[in-house]
Amino acid sequence: MERLDRVLAAAFGELSRSRLQALVREGQVLCDGAVVLDPSRKVGPGALLEVAVPEAAPAEPQGEAMALVIPYEDEDLIVIDKPAGLVVHPGAGHETGTLVNALVAHCGESLSGIGGVRRPGIVHRLDKDTSGLLVVAKNDRAHQRLSAQFADHGRSGDLERAYLAFVWGMPEPRTGTITANLARSHKNREKIAVVREGEGRHAVTHYRVEAQPDADGIVTLLRCVLETGRTHQIRVHLSHRGHPLLGDDTYGGALKTKAVKLEEAARAALLALGRQALHATLLGFNHPRTGEKLRFESPLPPDLAALLSALSRKSG
């Protein structure tokens, strides 16, 4: 005897277990001709199971046509090189104009009913003002398998995620690891804060110095690799170590006075940036259907490339 939801998950691999549990509770599953409403019910060998999968509901939100940079796309997934300023998922204050709106319009009928709704499966996210690579699933199977890779954070697989971050000052040591638990700030629920051991969620960021563009060592370009994927993790960890991101008004506002030490061209480039200087430059994972290793790299976008150039420019 085995749980009904486990039997269904083994038989219908294209549907996630949570989706199958929902179908059971909705009365869409028959066992030997009778409706079953309990996903944990035990079923024995030879039981006749029938599953009715309703057509996916109309997309919410609606599709909105917009230009996307797409390094890769197939029937299972789509990789996006997201520009800064684009919100990934609709929410309070951002009901339209999001990446999800764009994907619904771009993918059309190729999207399957993830969670019962015809919409792309957001596997992971980037902050609104963080640019770079992210992958979106097009069907339940791809969503389930990609999510498992991201949940594991590459500890037992091939998931790779690296970011380029412009920070104030020079971290010591120049190659290192930041381990500090994170949780919602009690003072400001929109911010994440470092909390003591035993509280919050375990978070680990590895970093190394990629370049020191300005001769005075005011700014450093770091390459950061995530071992965990918490909200605002890189931004909070680096700020906690005393090296917040350039342009990060949420976690680095106290060091704005450092900008006066920059050359005029660099100050102008930083002012024009208008966002935290963080870019998701590398994304690698195993294809959810074939198992093939896919690996994508994204160079610095124009605004960060202009900042790097200005920082590297010598005066007079």
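In helix α7 (residues 302–312), the buried residues are L304, L307, A310 and L311, where buried denotes under 20% relative accessible area, exposed over 50% and partly exposed in between (1.4 Å probe, protein chains only). Because these residues cover an arc of only 120 degrees around the axis, they lie on the same side of α7; the arc is that of the directions from the helix axis to the C-beta atoms. An α-helix has 3.6 residues a turn, so residues three or four places apart point the same way. The buried residues of α7 pack against β11 (131–137), β12 (160–168), β17 (219–226), α6 (264–273) and β18, with contact defined as heavy atoms within 4.5 Å. Helices (H or I, at least four residues) and strands (E, at least two) are DSSP runs, numbered from the N terminus.

The model is a predicted one, in which local features need pLDDT of at least 70 and side-chain atom pairs count only at pLDDT 80 or more, whereas totals for chains, interfaces and linings use all residues. Residues are numbered from 1 along each chain as its sequence is written, and side-chain values use heavy atoms, with hydrogens and water left out.

An open sheet of 3 strands has the order β3-β2-β5, with antiparallel pairing; two strands pair if DSSP finds at least two bridges between them. Strands β3 (34–35) and β5 (49–51) each have a single partner strand and stand at the edges, so one side of each lacks a neighbour in the sheet. Between β2 (residues 29–31) and β5, the antiparallel pairing extends over 3 bridges, and C31 stands opposite L49 in β5. Helix α1 (residues 4–11) lies across β2 and β5 and runs at about 70 degrees to β5, the axes being lines fitted to C-alpha atoms, for helices over the stretch in contact, and angles running from 0 to 180 degrees between N-to-C directions.

Strand β13 (residues 175–179) is joined to β16 (residues 204–211) by 5 bridges in an antiparallel arrangement, with V204 as the bridge partner of T179. G176 and I178 form the covered face of β13, while T175, T177 and T179 form the uncovered one. In a regular strand the side chains alternate between the two faces of the sheet.

The structure holds 2 aromatic pairs, the rings of Phe, Tyr and Trp (its six-membered ring) being paired if their centres lie within 6.5 Å, with planes under 30 degrees apart counted as stacked, over 60 as edge-to-face and the rest as tilted. The Y72 and F296 rings have centres 5.7 Å apart and planes at 45 degrees, so this pair is tilted. Y72 in β6 (residues 72–73) and F296 in β19 (residues 293–297) are 224 residues apart. Y72 is partly exposed at 24% relative accessibility, whereas F296 is buried at 11%. The pair of F285 and F296 is likewise tilted, because its centres are 6.2 Å apart and its planes at 35 degrees.

Salt bridges, 15 in the structure, are defined by a side-chain nitrogen of Lys or Arg within 4 Å of a carboxyl oxygen of Asp or Glu. In one of them, the closest N and O atoms of E75 and R289 are 4.0 Å apart. E75 lies in the loop between β6 and β7 (77–82) and R289 in that between β18 and β19, so the pair ties together parts 214 residues apart in sequence. A network of salt bridges links E160, K293, R295 and E297.
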